[in-house]
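Trainee: I have a new structure to learn. Can we go through it together, term by term?

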Amino acid sequence: MQELTHYINGEHVKGTSGRFSDVFNPATGEVQAKCPLASVEEMNQAVEIAAAAQPAWAAINPQRRARVMMKFVDLLNRDMDKLAEALSREHGKTLPDAAGDVQRGLEVVEYCIGAPQLLKGEFTDSAGPGIDMYSMRQALGVSAGITPFNFPAMIPLWMFAPAIACGNAFILKPSERDPSVPLMLAELMEEAGLPKGILQVVNGDKEAVDAILHHPVIQSVGFVGSTPIAEYIYGTGCANGKRVQCFGGAKNHMIIMPDADLDQAADALIGAGYGAAGERCMAISVAVPVGKETADRLIEKLVPRIEKLKVGPYTAGNDVDYGPVVTAAAKANILKLIETGVEQGAELVVDGRNFNLQGYEDGFFVGPHLFDHVTKDMDIYKKEIFGPVLSCVRANSYEEALALAMDHEYGNGTAIYTRDGDAARDFANRINIGMIGINVPIPVPLAYHTFGGWKKSAFGDLNQHGPDAFKFYTRTKTITSRWPSGIKDGEEFNFKPMD
């Protein structure tokens, strides 16, 4: 039984709380490691070390900090296969999907190489007679991130890379379900030249989270997870004077117009709905075909595609479409919601409830499911299932389809499939959702744009990565400067009027 560690001050440190969480192999159901759960004292020690190391790091030229990021990119590429394998072993993702998890995080690190440009302030000469005015972006100090199980590489990289590039120290509290990759990332950052103590990885549960939220030294907190916890972290963090950004649940709709290429739309729904076993906050979980004919034809195209999906462990090869969900509890919750959908009258067109993988009977595998004739009052429509379940909600018109997405409490991502430019433009302009795809099923922005939802999918006024990250992890300081000329006419209390 492997006992994992924290990573503090450049070293792997055993937990001292005496509390551990089981880390499973999702494919077999076996416990493969124990993850230490930090006490308040352990968290405080990590913050103290980070606070002591941070001023010297912030004083380093931004270009030199960027060079650490450049080296880190090289190391991520060097160890891509090792990182992907470790990620798959604990999360259950296929190896190509795990490599994509690392790659989308790596792209944010590449963006952070531009820190010298992104951290530049503003300057106004002659704001008044002999007076210049300029602004500087300065690091907050110590920042923290609380990251989810479903992207154990990407989301930590989205948080700590810009924070550190800005000159902050960072406390990472990863998911205790798959903590090995974050520990590996911390090692690689220091191999890239990051000073000890700037990136600390502290494993834990709610006790560690609350220690972050109440620690007076920690200036900002980022979170990705469920909406109830996002609301708790946002409210508690803000009440304690911290800058907070929290990203919660989702229920992403794809509208399929009558003029859409239905083969293209069906293929997109398969990848976006069932990839990573549906454990993505940007997964498409609701298909909204417009018109009966469109809906009937779409279902006809989806069924054979779904029935051909290959479900299995990551060790079964790169042709596996998706693997297990992360825990037995997650599997039980998914199956419970599926039963609720049947009880409430949805038509279960593809029934994966009896899915069984020979040799992996104790694994956390869930077969693919497709519901048709789902209505907006059903639990499977209102709740985030976070599993390989696609619901079809039929709409009679474009306006009805648009209203479904706009009226839902979540507003993370959405998509429309159409050949009509007017419909696509109207959809993009009117929809009250943060990320929109036009004939693109999972509209996750590239690293130099920002990622963030609306409504109950996001809390805070700044998004992840892109320009917003450099705003979130810095404060602006404005300086008004006047140098004596050697001629003194006495005190002045106002700007002189311009000539």
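Trainee: Which strands make up the open sheet of three strands, and in what order?
Mentor: The order is 6-7-23, with antiparallel pairing. Keep in mind that this is a predicted model.

Trainee: How do you know that strand 6 and strand 7 pair?
Mentor: Pairing takes at least two bridges between two strands. Three bridges join strand 6 to strand 7 (residues 131-139), and the two run antiparallel. Three meets the cut-off of at least two, so they pair.

Trainee: What makes strand 6 and strand 23 edge strands?
Mentor: Strand 6 (123-128) and strand 23 (474-482) each pair on one side only. From one strand to the next, the twist in this sheet averages 30 degrees.

Trainee: What is the strand order in the open sheet of seven strands?
Mentor: It reads 15-16-17-14-13-19-20. The pairing here is mixed.

Trainee: Why is one side of strand 15 and of strand 20 left without a neighbour in the sheet?
Mentor: Strand 15 (347-350) and strand 20 (435-438) stand at the edges. Each has a single partner strand, so one side stays without a neighbour in the sheet. The twist averages 20 degrees from one strand to the next.

Trainee: How do you know that strand 15 pairs with strand 16?
Mentor: Apply the cut-off of at least two bridges again. Strand 15 and strand 16 (residues 369-372) are joined by three bridges, so they pair. They run antiparallel. Leu348 has Phe371 as its bridge partner in strand 16.

Trainee: Which strands does helix 11 lie across?
Mentor: Helix 11 (residues 292-307) lies across strand 13 (252-256), strand 14 (284-289), strand 15, strand 16 and strand 17 (389-392). Its angle to strand 16 is about 165 degrees. Helix 12 (residues 328-343) lies across strand 15, strand 16 and strand 17. Helix 12 runs at about 25 degrees to strand 16.

Trainee: What makes a space a cavity, and how many cavities of 30 Å³ or more are there?
Mentor: In a cavity, a 1.4 Å probe fits but cannot get out. By this rule there are two of 30 Å³ or more. Of its 13 lining residues, the closest to the centre are Arg280, Ala283, Ser285, Glu384 and Phe386. The lining divides into six nonpolar, four polar and three charged.

Trainee: Which residues line the second largest cavity?
Mentor: Among them are Arg104, Glu107, Val108, Trp158 and His465. Helix 4 (residues 95-112) gives the most to this lining, with three residues. The second largest cavity holds about 30 Å³ of space.

Trainee: Why is the largest pocket called a pocket and not a cavity?
Mentor: A pocket is an open set of points, whereas in a cavity the probe cannot get out. The largest pocket holds about 1000 Å³ of space. Of the 41 residues lining it, the closest to its centre are Phe149, Arg177, Gly225, Ser226 and Ile229.

Trainee: Which element gives the largest share of that pocket's lining?
Mentor: Helix 12, with seven residues. The lining as a whole divides into 19 nonpolar, twelve polar and ten charged.

Trainee: What does UniProt list for residues 13-479?
Mentor: Its unreviewed entry gives "domain: Aldehyde dehydrogenase". That span is 41% helix and 21% strand. Its end C-alpha atoms lie 43 Å apart.

Notes:
Residues are numbered from 1 along each chain as its sequence is written. This is a predicted model: local features need pLDDT of at least 70, side-chain atom pairs count only at pLDDT 80 or more; totals for chains, interfaces and linings use all residues. Side-chain values use heavy atoms; hydrogens and water are left out. Helices (H or I, at least four residues) and strands (E, at least two) are DSSP runs, numbered from the N terminus. Axes are lines fitted to C-alpha atoms, for helices over the stretch in contact, and angles run from 0 to 180 degrees between N-to-C directions. Contact means heavy atoms within 4.5 Å. On a 1 Å grid over the protein atoms alone, a cavity is a set of points where a 1.4 Å probe fits but cannot get out, and a pocket is an open set with protein on both sides within 12 Å along at least five of seven lines; lining residues have an atom within 4 Å of a point. Grid points are joined across faces, edges and corners, and a volume is the space filled by probe spheres set on the points. Ala, Val, Leu, Ile, Met, Phe, Trp, Tyr, Cys and Pro count as nonpolar, Asp, Glu, Lys and Arg as charged, and the others, Gly among them, as polar. UniProt positions are given in the numbering used here, feature names are shortened, and annotations may be inferred rather than shown by experiment.
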